[in-house]
Amino acid sequence: MRKGDRSYKSRFYAKPRGAEYEKVMKDGTFPDKYRWCKWVLILTMVILSLRLWHLQIMQGNEMRRQSEMNRIRIKKIIAPRGVIYDRMGRVLADTRPSFNLYITPEDIKDFNQTVDGLATLLGLDREEIIDKLKAASGFPSSFPVKIKSDISMDELAKVEANRVYLPGANIQIEPKRNYPYGTMMAHMLGYVSEISNDELKKKEYKTYSPGDYIGKYGLEKMYESYLRGADGEKRVEVDAMGREVRTLDMVEPIAGSSMYLNVNLDVQMVIEKMLEGKRGGCIALEPKSGAVVALVSRPAFDPNTFASGISKEEWRAITTDKTHPLQNRVIQGRYPPGSTFKVLTALMALQEGVINEHTGFSCGGGFPFGNRVFKCWKKGGHGGVNVRRAIVESCDVFFYNVGLRLGIDRIHKAGDMVGLGKRAGIDLPGEASGLVPSSEWKKKTYGVPWYEGETVSVAIGQGAVWLTPIQLVQLSSFVANEGVTFKPQLVNKILGPDGKTLKAFGPVINVDVKLKKDIFRIVKEGMQGVVNEPSGTAYGSRVQNVHMSGKTGTAQSSTLEGGKNLGDHAWFIAFAPSEDPGIAVSVLIEHGGHGSSVSAPVAKAVAETLFTVKPEIKEAKAGASR
Amino acid sequence: MQVDKRKLYHLDWYLIINGLILFAIGLMNLISATSSFYSGSYGFIIKQLVAFCAGVVLIGVIINFDYHTIAGHAHIFYFVVLAAVVLVLVWGMAAGGARRWISIFGISFQPSEFIKPVLVLLLACILHEKKREKALLGPRDVLVPFIWTLSPFVLILLQPDLGTGLIILLVALALLWFVGMKKSTYAILIAIGTFLPLVAWQYVLKPYQKQRIYTFLNIDADPLGVGYHTKQAMIAVGSGKFFGKGYLQGTQHKLQFIPEHHTDFIYTVFAEEWGFLGSIVFFILFLTFIRRCLKISQDAHDDLGSIIAFGLATIIFLQFTINVLMAIHLAPVVGIPLPFISYGGSSLISVLISVGLLLNINMRRYMF
């Protein structure tokens, strides 16, 4: 090939050949440039290698850790809470799946976009979301913070449809506490709610984290450690959007232990129905074991609202309600026991020998003492009465006399003997102790001596006597059992998730007293007469086929509402069957009027439910098992 | 046209084999990088292979013509590519907020990729002419090459494609340096070089481009935006440690923590899976390839061949270096593909055109 062969060559100069060529190559413009190039290449290699050494070797472990943190999230799997059954195995509280909205701070790309987006979509308060995020600020930013519990299907659809614009927001399906009977048994079962920031700071709650549910009331609180179970967790791989790609490993949650109660749902429902719309409480238990068959307090609340995350307004409405729906009247409501207290006065008077079966007092409708006259409820008076008739007809004058003979300190001793004035020890939190006064107590509390006139009032359950319905059911049991009472017990047994019994609660004796022969016979005869004799104060509530024994009480109340006295508290304590007591009941209806007309029918219904079969009860049973 | 057997014999097999190894690594890496995509790797690999075949055919065509002939038509290629770039600006398809693509007969092109070798050809011709007249270029000699460079530069910045614009500007400067300039020319260029960036900052750079530079200077100021991606890229590279996580085992790119991990950030995929060891081998392969290009420049038959080969070597070197520096946070984030490795037909074909021209120059080194 020759130079002249190609015409285009004329436009370019070929490199000189031979010696001249060699010279150009040595002394020309380019060779020193190539030396520069070589150094640039070497420098590049050095810089890149050093930087890689720094990143991959020196910082390698840290970078590897960060890449792991990027992709691995630990997600909590909430354990389903233990189921609560009644004694026949009917479900009183269980769990259902619910959708909860969480924010994972680490996955948020634009804080305002996610937070404002959620606030607008779901109508939430922006500040509330920020507060919740702040509360969890001590936790790693990959920790999901619960923003709203139990969102509706509608809200779920809104969030899911906008997931792309809400990085960091995610929805998890978690078990949620469910109370199928709503307000029924609210005070007994209690409720669960999200753990508060104050609780989180306490040592005993150190295994909890924000957003966890905790039993805050009733059995839920009492047996929290059993019901809670153990949350599981899974390690998942997530992508840059925070979406789960796959599960790496998983620790299964352990469901909470389930509880069988002594409660009989049929009896419970009958009482709930009868107290509907009233204020009051009722407890029914088996005197021979202390097993609580029913416990009702009214007005009540719906524990489901707490489990779904109660709003500030709802909480305010409940706590400022003048009827105190959160108060469990059975164990926290202290009332003067009224005439039901006469049972105790009679017991002690007979025991102390101040009176005997035949001791009689004349009732003319009033009892002059000091410069005033204590009236009997029956204006015309009862005439001559012995202790039996005094109980049946609830003669006040008889007990004024007896009370004076006994003196306040022996009445106080009687209270101690039966265990009144102390907590009965039911397995519910917050039980109040009652008060049966003594002269010493008054001196200590008020610094003034006891007046005899006060004894007259106390003898018939007025004045400074304050007892709760659960303490009075113990009085009823004391008589029914002839000197023995048991600790009231709601829970019968706790079963672990494997179905094995973890704990069984047998009867625990509270009081075991030997009294003189015949005392219980006399008082029981009187109490049976109350219901079963035409002159008895609760004759209207006698039960067919079964003998019920009881004592009415109408306690004066000085509570004023709008300048008007709301009326007396209606009491009734009872046990049935009289011959072999299987149930003891105490009923209180605040401002209900007469114990005989308002409270006694509740006890009658309980006895009927348990000991006779009527068509309407069958309906109630069918309703409960639904 | 008959291919002279002696010329085939003079084909630079070192360059070819080195390039093939890089391409094979690129394909293998691309399988891993695209494995997390919903559609899978298959489509990407096929497209990349088709582009490779097209590129090989182009190499065949290129080596058939004497590079003097090709350089002689450089201005035609230049205007064709420039027209395509203008077309892109008018009708182009937008991707990621920029208009860089044009579709002809259903095949998408990125014309700005082709401006790189074409501009080298054109500037080489011009500079070679100047070189015949004087040993060192004066300030006025620099003017003409600059005008030829400036038009594509501005058009590409308008797309906007800061990366490619930067590359052609740097290549033009490198060529001037290579041919040789007077000291006064250096002085003027340095003066402009300090003044121009200020103007660019004020009037040319888009907010997102400025943001990238801010972020480069302070990565932690923006942990969720651009800084997030840089940070994730560094984590990907660093987490590879010495031996890497193993092929197909990288989590950073698979879980979408790194954007553009099959194109501009593809090096992070390689570094995460092959570690320090693999990266060093990879760098050596690249730098020997560039060394080989420079050797071709050194051995070229004439100055024209030397200048062209140097320009092409510079393009590949700059793309490689800036791309890797960006991934390891030694340079701000700009969209520059990694030659042979990044996914993208236009980029691959452009590189293969360069390879074709280099082979062309090399096989004609003994031509008298």
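## Chain A at a glance

In chain A, 72% of the contacts with a separation of 6 or more come from residues 24 or more positions apart (two residues are in contact if their C-beta atoms, placed from the backbone, lie within 7 Å). This is a predicted model, where local features need pLDDT of at least 70, side-chain atom pairs count only at pLDDT 80 or more, and totals for chains, interfaces and linings use all residues. Residues are numbered from 1 along each chain as its sequence is written, while chains are lettered from A and ligands numbered from 1 in the order in which they are written.

Chain A has 25 strands and 24 helices (DSSP runs numbered from the N terminus: H or I of at least four residues for helices, E of at least two for strands). Of its 626 residues, 44% are buried, meaning 20 or more other C-beta atoms lie within 10 Å of a residue's own; 12 or fewer makes it exposed, anything in between partly exposed, with C-beta atoms placed from the backbone.

## A hairpin in chain A

Strands β18 (491-495) and β19 (501-504) of chain A pair in the antiparallel sense over three bridges (pairing takes at least two DSSP bridges between the strands). Across the pair, Ile494(A) sits opposite Lys503(A) of β19(A). The two strands make a hairpin with five residues between them, and Gly499(A) in the turn has a positive phi of about 90°.

## Where the chains meet

The contact between the chains draws 39 residues from chain A and 43 residues from chain B.

Helix α8 of chain B (162-179) has 18 residues and reaches 26 Å from first C-alpha to last, close to the expected 26 Å (1.5 Å times one less than the number of residues). Because 13 of those 18 residues are buried, α8(B) is largely enclosed by the rest of the structure. Just after α8(B) comes Gly180(B), with a positive phi of about 110°.

Ala331(B) lies in the loop between α13 and α14 (345-363) of chain B. Ala331(B) is partly exposed because it has 15 other C-beta atoms within 10 Å. Leaving aside residues up to four places away in sequence, Ala331(B) touches Ile322(B), Leu325(B) and Met326(B). Leu217(B) is 114 residues away from Ala331(B) along the chain, and their C-alpha atoms are separated by 9.3 Å.
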